[in-house]
Amino acid sequence: MHPDGPPPPPPGAPPAPSEALHCAGMPLSSLQVIAQTPAPTFQEGERAALMTRLWTDLGYAPTTDEAGNVIVRVGPTDGQALVLASHLDTVFPAGTDVTVREHGGRLVGPGIGDNSASLAVLTAFLRELDAARLTRPLWVVANTGEEGLGDLKGAKHLLAQHAPRMGAFVAVDGYLGLAVTRAVGVRRYRVTFTGPGGHSWGDQQPSALHALGLAITALYALHTPTSPRTTLNVGVASGGNSVNSIAATAECLLDLRSLDPEALERLCERAQHAIKGAARQGGVSVRIDQVGDRPGGDLHADDLLRLARAAATVGGLELRTASSSTDANAAAPHHVAAIALGVYTGGNAHREDEWVSPGSLERGLKFLQRFVRLYQDHPIA
């Protein structure tokens, strides 16, 4: 950073991101500051503090719970609440350059969409909300732990503590025009192989990395049905400490998913059998730790989808449905009606060149406002 601030742009240059954000529409007024506030999973505190300040400046009294969720409760105190929740965390590790830049009419930066844009829309929603007109309780939440190994930490805690007080749970997350109505179940495991190690020339010991390779080969040989859709992925693998050492340890992170809980359970059993077989074949020991369990199943979303379609139609928006893993998954075990609704147009999610179309946030805001008004007038049973 220049000691006296950034130098002025050259004549004829496009507006700096901050200028573009403040002139392009109300939801964008807070997007840059949100996106440029780092929020790796398990390290969302700085962004949570920012959301608290932003929402306090709008005249609300946000609270923070034990899971780090920031919560605004408005409207009547009696009755079951409609919950609008957007996650704070991003997939990018600490130290990532999260500068927002403008390119070709788009705003670009790590996490600019997922889920900074949704948080910006929620902030604009609160700015324009006339709480005195609400006929039913409304909670607006910036929650922790949606990405990676966060395992829906914030949403799970919120539902575990307050499910009986909720009429519906809406994860405000994803692209405008998309409604997630079915929860994909996810199990995640950390698999650690351990052997004696040794010198690559002087010893003839089994290698933990060899066993890991055998396990990965065996895992990808497993049959995964296309219906119900079921998937397997080794997303991270590592091990060893030098080129001339026999690896004493090696590990991987395994992601298993299915639309069907029974198919997921069968895949988990088969995967663990394959891993243990690889350890025996490789002559090393293995430890399998479950590090994630995102519940899948029925979200009871039919009535919420009906309201979302009505809200979309008024705005000339085409709404399509999908199955995915979002914070809405956390509602499934509690039988709270849930859905995930997107509120921005963008692309390249989970990449450092993620982008958002600035004009889409205003449209997403109007869609969300119509949905909430419809829910207030026609709450689901």
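Trainee: Which residues does UniProt list for "domain: Peptidase M20 dimerisation"?
Mentor: The unreviewed UniProt entry gives residues 185-281. UniProt positions are in the numbering used here, feature names are shortened, and annotations may be inferred rather than shown by experiment. Residues are numbered from 1 along each chain as its sequence is written. And it's a predicted model: local features need pLDDT of at least 70, side-chain atom pairs count only at pLDDT 80 or more, totals for chains, interfaces and linings use all residues, and side-chain values use heavy atoms, with hydrogens and water left out.

Trainee: How far apart are the end C-alpha atoms of residues 185-281?
Mentor: They lie 31 Å apart, and the span is 35% helix and 35% strand. Helices are DSSP runs of H or I with at least four residues, strands are E runs of at least two, numbered from the N terminus.

Trainee: What do α6 and α7 meet with?
Mentor: From α6, Ala 211, Leu 214, Ala 215, Ala 218 and Leu 219 meet α7 residues including Ala 271, Ala 274 and Ile 275. Contact means heavy atoms within 4.5 Å.

Trainee: Nonpolar, polar or charged, how do the residues of that contact divide?
Mentor: Nine are nonpolar, two polar and none charged. Ala, Val, Leu, Ile, Met, Phe, Trp, Tyr, Cys and Pro count as nonpolar, Asp, Glu, Lys and Arg as charged, and the others, Gly among them, as polar.

Trainee: New topic: how many residues of each class are in the lining of the largest cavity?
Mentor: Eight nonpolar, three polar and one charged. Arg 47, Phe 92 and Pro 110 are among the residues that line that cavity. A cavity here is a set of points on a 1 Å grid over the protein atoms alone where a 1.4 Å probe fits but cannot get out, and lining residues have an atom within 4 Å of a point.

Technical notes. On a 1 Å grid over the protein atoms alone, a cavity is a set of points where a 1.4 Å probe fits but cannot get out, and a pocket is an open set with protein on both sides within 12 Å along at least five of seven lines; lining residues have an atom within 4 Å of a point.
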